[in-house]
Amino acid sequence: MLSPVILVPALLNGLMTGAIYALVALGLTLIYGVLHIINFAHGALLTAAMFAAFFAHKLFGLDPYVAAAGLTPLFFFIGYGLQRYVIGPAAHGEDRNILLVTLGLAVVIENTLLYAFRADTRTINLPYAFEVVEFGNAFLAKPRVIAFGTMVGVALVLWLLMRFTDTGKAIRAVAKEKLGAELSGIDVAHIYAVTFGIGTACLAIAACLLLPTYYVNPHAGNAFVLVAFTVVVLGGMGSVMGALLGGLFVGVVESLSGLYLGESLGQIGIFVMFILVLLLRPSGMFGERA
Amino acid sequence: MKGVSPILVVIALLALVPIVTTSPVVLNFLVTTLMIALVGQGWNLLGGYGGQYSFGHAAFFGTGAYATAILQLRYGVNAWLGFAAAIAAGALVGAIIGAMSFRAGLKGSYFALVTLAFAEVLRIVASVAPVTGAGVGLLIKLDLRPEAFQFQSRLPFYFIALALVAASLIVVRLIEDSRFGAYLVAVRENEEAAKALGVNVVVVKFTAMSVSAAITAAGGGFYAQYFLFVDSGIAYGPWISIEALLAPIIGGAGTVFGPLLGALVVKVLGEIAKLLTGDAPGLDLIIYGGVLILVVAFAPRGIAGLIVSVRGVFQKARDTAALERSRG
């Protein structure tokens, strides 16, 4: 049962899946860390990005990895606009309202996709989708290795952005002390929207990484976001490091529990973990702010 | 009992509807609307009055629906008794989830998340467990006798739904007027202050959640008897969690009539959408989501709040006019 021949590939595959979770969770935790809200529209936005990548391939023959170059800025602006012109004004600065507005957005986006594209599940065929990379005694699907590498790259870029640019510093300032940041001349509404935009842009990247091996339908994003919620809670709301490590950890747990318990119960493992962490240690393992 | 009289008037008016029409289409529309009003009233007690926004009231709706069906099918319990037990089962699930989350101090986003997660866990369990019919679901056997909570026509269902809604309205009205209701609103407005004044915040929220869950479970049990079919997607699916909060938020959270008003508005909008586009999938929900955002943005206290403020504007205008007259 515990032979390394099975265990090691399962572990590595879990890490690869975990990379996508980490990327989705990264957007979620960033938004939480700065705006202190849970973006319930995250799943619907991921689905929208997956559809965008799908149609970029179908209509223009763009490889998802190429499409990412265009979709990432596009989704940054979508996220920016949503926060600046919809969520921000509609919520009147009340947390409870923000929950409802993002939930409303999720319902609207998801069902607009359902209305436009029906419930059909779509996939794209790429020549390299089934290529594997040999790694020790494990064979890993090439798209998943690319996903893992990209996630590391995105995390690095984000870290540099936060650390060394003025915008990054402003984001951190707003996360720490909103009023103080405002008094020092930072445009808080703009920074909120930028953060939301970055979080949404992460989804566009995740969508492009997913598409070579995953399907898309109007509910496709939800599965990832429920996992991402778990990751974010596990890693500590607002903690970037927590999101990355939490994502990888959950990927491994899912892969191993899937191996030993079967697919649908593997899903339950994640939720049970989620509830336990929420009840026992809501600040997560890395309970610090972005 | 003066606070209850408006409720009796509204219910009496609704009870007269079958005199005007007994068309199955209209009755079906009203029955589903009342069912959502009932489910929403459960949410309203905890969310509207207590300020604890649950995103997983499906956990209680589904428990009510499954308990009603399972007790009949697997244990041969009478449908009415099963329905009563389902309400108790809902209250129990609410008590368990409430005890765990409130003792852990979860509120705001965290509370919304944990309720969502509980509903999802129940959905997944129900989709694999044999007792719930797993992926196939449960079909309640056709047995068209009043003793079996089944009827030839929709009319008796309409009156039962109306009676359940009336009961929920009265319960919430009485709570609103009670000391407990005042505690609940205090917790919503400022939990720290309420605590400082000696309100046992955890117990208040826990009690509200149990009653809230019982009301919503009644809606689920009614669903099972009305449609005679339950599966994991219907019972524990996110759709009912959303409709449960949509009705009170749109109608006016924290008001007695909010959920009923909201359910009517939501269902009428849904029907209009269907008429305009011939039942395209998703369109009704697009409209619901849009209305939800608009209400939060422009009428934070829902339609009930809107009515109050419009009345206030007229009152003010009348006062000014009277004042000017008196000045001559």
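**Hairpin, interface and helix packing**

Analyst: In this predicted model, A:G136 takes a positive phi near 65° in the hairpin of strand 1 and strand 2 of chain A, where two residues lie between the strands.

User: How many bridges join strand 1 of chain A to strand 2 of chain A?

Analyst: Four bridges join strand 1 (residues 132–135) of chain A to strand 2 (residues 138–141) of chain A, and the two strands run antiparallel. As one example of the pairing, A:E134 has A:F139 in strand 2 of chain A as its bridge partner.

User: Switching to the contact between the chains, how many residues does it take from chain A and from chain B?

Analyst: Chain A contributes 35 residues and chain B contributes 34 residues. On the side of chain A that touches chain B, helix 3 (64–91), helix 4 (95–117), helix 9 (220–235) and helix 11 (263–280) each supply at least two residues, and helix 4 of chain A gives the most, with 14 residues.

User: And what is the make-up of that side of chain A?

Analyst: The residues of the side of chain A that touches chain B divide into 25 nonpolar, seven polar and three charged.

User: Within chain B, at what angle do helix 3 and helix 7 pack?

Analyst: Helix 3 (residues 24–49) and helix 7 (residues 155–177) of chain B pack at about 20°, with their axes 9 Å apart; they are therefore roughly parallel to each other. The crossing of these two helices of chain B is left-handed.

User: Which residues make that contact?

Analyst: Among them are B:L34 and B:L38 of helix 3 of chain B, and B:A161 and B:V165 of helix 7 of chain B. The residues of this contact divide into 18 nonpolar, three polar and no charged.

Notes:
Residues numbered from 1 in each chain as written. Chains lettered and ligands numbered in written order. Predicted model: local features only at pLDDT ≥ 70, side-chain atom pairs only at ≥ 80, totals over all residues. Axes fitted to C-alpha atoms, helices over the stretch in contact; angles between N-to-C directions. Parallel < 35°, antiparallel > 145°, perpendicular 65-115°, else oblique. Left-handed = near helix turned anticlockwise from the far one by under 90°. Contact = placed C-beta atoms within 7 Å. Nonpolar A, V, L, I, M, F, W, Y, C, P; charged D, E, K, R; others polar. Pairing = 2+ DSSP bridges.
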